[in-house]
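Trainee: Hi! Could you walk me through this one? I'm new to it.
Mentor: Happy to, let's take a look together.
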Amino acid sequence: MSETQLKDVAKKVAKQAYAPYSKFKVGCALLTKSGNVYTGCNVENASYGLTICAERNAIAQAINQEGNVEIETIVVYTPTPTPTPPCGACRQVIHEFGNPKVFSFCETDDFTSHQMSELLPNAFDLSKD
Ligand code: THU
């Protein structure tokens, strides 16, 4: 699936976002190396720190289905005039599952495109089995 198609999927899931506090709705669609697409939206909570970002929600959906994944492409959509690259916490979590292309799209033609390693240089790692 192309990044443009992933944008359309992310835009759709952004509508499901539970964001009564910030009113900032985020949708995410990711493509795994195995060719599957998973989605997530942000889920806020009255105890603000418990909020789940769209990106981490999508990654959890992928792990639920595949047990482990390598992410090829991850796309964020926000219904805003400018694009929203992933927050710092999400960058660390995305890094755990590969070095994907990361696109952020919005309601204008503006967008950002990076390799994950550009967004989180010198990332923290532990060796994995
Ligand atoms: N949010 C995301 O879903 N992803 C990000 O990368 C940045 C922030 C959400 C969390 C919260 O519900 C709202 O956006 C405002 O911070």
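Mentor: A word on terms before we start: Ala, Val, Leu, Ile, Met, Phe, Trp, Tyr, Cys and Pro count as nonpolar, Asp, Glu, Lys and Arg as charged, and the others, Gly among them, as polar. Also, keep in mind that this is a predicted model.
Trainee: Got it. How does the shell around the ligand divide into nonpolar, polar and charged residues?
Mentor: That shell has six nonpolar, three polar and two charged residues.
Trainee: And which residues are around the ligand?
Mentor: Among them are Ser-22, Phe-24, Val-26, Glu-44, Thr-51 and Pro-86.
Trainee: What lies 2.7 Å from an oxygen atom of the ligand?
Mentor: An N or O atom in the side chain of Glu-55 does. The protein covers 79% of the 370 Å² of accessible area that the ligand has on its own.
Trainee: What about Asn-42 and Ala-54?
Mentor: Asn-42 places a polar side-chain atom 2.9 Å from a ligand oxygen. For Ala-54, a backbone N or O atom lies 2.9 Å from an oxygen of the ligand.
Trainee: Where does the ligand sit?
Mentor: In the largest pocket.
Trainee: New topic: how many salt bridges are there in the whole structure?
Mentor: The search finds two. In one of them, Glu-72 pairs with Lys-33, with the closest N and O atoms 4.0 Å apart. Glu-72 is in strand S3, while Lys-33 is in the loop between strands S1 and S2, so the pair links parts of the chain 39 residues apart.
Trainee: Why can such side chains pair?
Mentor: Because side chains of opposite charge can do so when their charged atoms come close.

Terms used. Residues numbered from 1 in each chain as written. Predicted model: local features only at pLDDT ≥ 70, side-chain atom pairs only at ≥ 80, totals over all residues. Heavy atoms only, no water. Near = heavy atom within 4 Å. Polar contact = N/O pair within 3.5 Å; in protein donor to acceptor, adjacent residues only side chain to side chain. Areas by Shrake-Rupley, 256 points an atom, 1.4 Å probe, with all protein chains shown as cover. 1 Å grid on protein atoms, 1.4 Å probe; cavity = no way out; pocket = protein on both sides within 12 Å on 5 of 7 lines; lining within 4 Å. Sits in = over half its atoms within 2 Å of the grid points. Salt bridge = Lys/Arg side-chain N within 4 Å of Asp/Glu carboxyl O. Helix = DSSP H or I, 4+ residues; strand = E, 2+ residues; numbered from the N terminus.
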